[in-house]
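I opened this entry to look up a helix, a surface patch and a strand. My notes follow the display.

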Amino acid sequence: MNQDRVNTLTGKTDQGELIKNEVKKYLRYWFWFLIIAFIAISAAFIYLRYTPNVYRTASKIQILNKSKGIEMPSSSFIFNRSTINLENEMEVIKSLRISELVVRNLDLTMAFYEEGNVRTSEIDGFPFSLIKTIPNDSIKSHQSFKILIKEKGFEVYRGNSEKPIIFPNYSSFNVSHDLPFELEAGSLKSIKENKGKTYIFKLSPITAAAKSLKGSLGVSVMGRDSDLLQLSLSGESKQKSERILNEVISVFNMDGIVDRQEVSKRTIAFIDERFELLAGELDSIEGNKRDYKQNNNFFNVESDAALGISQRTEAENEVFEIESQILLSNMLAESLDVRNNDYQLLPANIGISSVNTNELINTYNSLIFERDNYLTSGGKNNPMVLSLNEKLKELAINISNSISAYKSQLEATKNQLIKRNAKFSSQVSAIPAKEKIMRSIERQQAIKETLYLFLLQKREEAGINLAITEPSIKVVEYAISGGAPISPNRKNVYLLAFAIGLLVPFGVIYVSILLDTKVQGKKDVELRVPKIPVLAELPKIKDENLVFADPTDRTTQAEAFRILSSNVNYVLPRVSEEGKVIYITSTIKGEGKTYAGINLSLALTSLNKKVLLIGADLRNPQIHHYTIPQMDKNELGLSNYLYDDSFDWRSALIKGFPKHPDHDTLLSGTIPPNPAHLLTNGRFEQLLNDAKKIYDYIVVDTAPTILVTDTLLISELADVTLYMVRAEVTEKSLLDFSRNLAETGRLKNMAYVINGVGASRSYGYSYNYGYNYGYGSHE
């Protein structure tokens, strides 16, 4: 086949066309989409009709910094960093303890409902007075009561009981009963307005009601760096939800205040206890300090040290003076020579402090002067001189004795001073140790005094904080309920229902298409075998109209085969002017090769061409069923010619379709035992060569290729081989077999023809061709 023709016939489909084809697959089932969408939307309407409306109530609070008070600012306060842990506050708000307090404060163990014809809705209260007569803690299980407002009074049903308790005159106070509540009409007007209505009253245990509130309460942070919290609650009754949220805020605020007051109280109590201990410890330390000073003659480190040093210096000076006196006494004794009677003047006033010795020295020196005077005038033998010598000798002895006695006195005094000096030195050296002990005592005293003052300050702070305790939170926005219900969301429900109405049929169709292994149309063949052209799609026709016997017929079937005949001409080779041989084959039987062969031959004759139709399926001939009139199965035909050399095939030709004068048919003939042998004996080739000189087209109905080899044995004699594929019958996997026949050359110049395509799957048949435009009507 010409390559340009192949490329033209097998041109690739662009992306837009692929999408369009995919959409068409689903648009065929538009009625199902419409029906299921209608059912889904109707179900959504019923759901919305019977589902109670739920409203969202929200409030906003700001968590205040609990550390701010009269205490000194911390670094986090200076640098404006919040010390609030919002996650902790959120957990406290949602705690079961807070929920239980709210339940007790608002008595949420009671729930009120109004029963309607369609649905039962929760309300904030009854139009009459209901007084609960049992404490909350005595409610151990869930209880339900149905209250009916009748013409003459209340009728109350406990649980599922069918026996009512009747309260005439709309009051239960004058009737003996065991119900946990009392009923009384608030006003006759409200009773008359609600006469005939049914209400439901439910009691729940404290724990169950608290858990329910905890689960339904929502707490979230308003922003990343914000200290605002949003509290939300959903419920059927706006008033009840608003009361609950406001009570949660109040309980949480009071909880924080009580906590801080409790902290202040505990702080004051603790400080008071510490005051008693500190006072005793301070008294003990001061007593120890007093006793230590008294026992050690220690009053002040500086004064005691100065006194000790001055005493020691004074003693050392006295010792120095005494040693000086001893030295002067020794010098005086050395100058006094009593043994040699060499009486000389003695030094006077040399610093000796002994008065007696100084007087003796002065007397001695006076006698010396007197003796010297007599010695000068009278000589040494002068009786006065001798007398004075005797006196000097006695006086010298007295002076020597006086000096010795004075020295002994000085030595004794010196020893006493040395001992006293040692005492003063030991006292001075002991001062650091005493100072260390004293400092330790004073340090303990200072620590206790500082702690005492610090606790005194904290006690004052705690007392002030207790007196002026600030709120834990700032209410930014009290509970407000939204105007539109959040559940059910009508818009979302309808959108979801509409989406389900589209997705369900889409999913079913998608799965059915995904699991469908049959060929549905041209696109399936082109995707699997892209290199082999599809010449035409033949529409699905009713059994009674399989053959268009009238050459002027303008039905969809007739036009489809005319298109096929035109496309066949396009792929036929232009080598010679002789007639062209067209094979019609298929993979298995039942794919419409005989039907296509007959109608193709008729379409060619309607174009004023001479056509010969040959039934070459010798094993299962079918052409005789479509002739007019219907021929016998064993009518002479091709098999007789192939078997008998003397048989003239022209004598077996029939006019099977009277309105097509240029159309001849050669039936298959008697079914032979060896069709393959007959088709390869050369007689069939000779028949085709002879027919080419007479006819413009020879259409050959051959046997299926996968069942027998008859068609493959004579395939080289064809100018074009039309391979039939039947929609919804042929398996897609069988296309691989036909593609292999074409690629290996066992079928010559092969092209596909798709048979039995529905109008929604065909390429153009859904538009009815429009061939009646300008030609009038045709029955």
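Below is what I looked up, one element at a time.

**Helix α5.** I noted first that the model is predicted. I then went to α5, which spans residues 86–93. Which of its residues are buried? I found L86, E89, M90 and I93. These four sit on the same side of α5, because they cover an arc of only 100 degrees around the axis. I turned to the face directed away from that buried side and found E87 and E91 exposed there. I also checked the start of α5. There a side-chain oxygen of N85 comes to within 3.2 Å of the backbone nitrogen of E87.

**Surface patch.** Next I looked up a nonpolar patch on the surface. L503, F506, Y510, V511, L514 and L515 form it. Together they have about 620 Å² of accessible area. I picked out L515, which lies in helix α14, residues 490–515. Is L515 buried or exposed? Its relative accessibility is 63%, and the cut-off for exposed is over 50%, so L515 counts as exposed.

**Strand β16.** Last, I took β16, residues 663–666. I recalled that in a regular strand the side chains alternate between the two faces of the sheet. I checked cover on each side of β16. H663 and T665 are buried on one side, and D664 and L666 are buried on the other. Both faces of β16 are therefore covered. How many bridges join β15 to β16? I noted four, with the two strands running parallel. Strand β15 covers residues 611–615. I also logged that L612 stands opposite D664 in β16.

Notes. Residues numbered from 1 in each chain as written. Predicted model: local features only at pLDDT ≥ 70, side-chain atom pairs only at ≥ 80, totals over all residues. Heavy atoms only, no water. Buried < 20%, exposed > 50% of the residue type's maximum accessible area, 1.4 Å probe, protein only. Arc of directions from axis to C-beta. Polar contact = N/O pair within 3.5 Å; in protein donor to acceptor, adjacent residues only side chain to side chain. Patch = residues over 30% accessible without salt bridge, like charges linked within 9 Å, V, L, I, M, F, W, Y side chains within 5 Å. Areas by Shrake-Rupley, 256 points an atom, 1.4 Å probe, with all protein chains shown as cover. Salt bridge = Lys/Arg side-chain N within 4 Å of Asp/Glu carboxyl O. Pairing = 2+ DSSP bridges.
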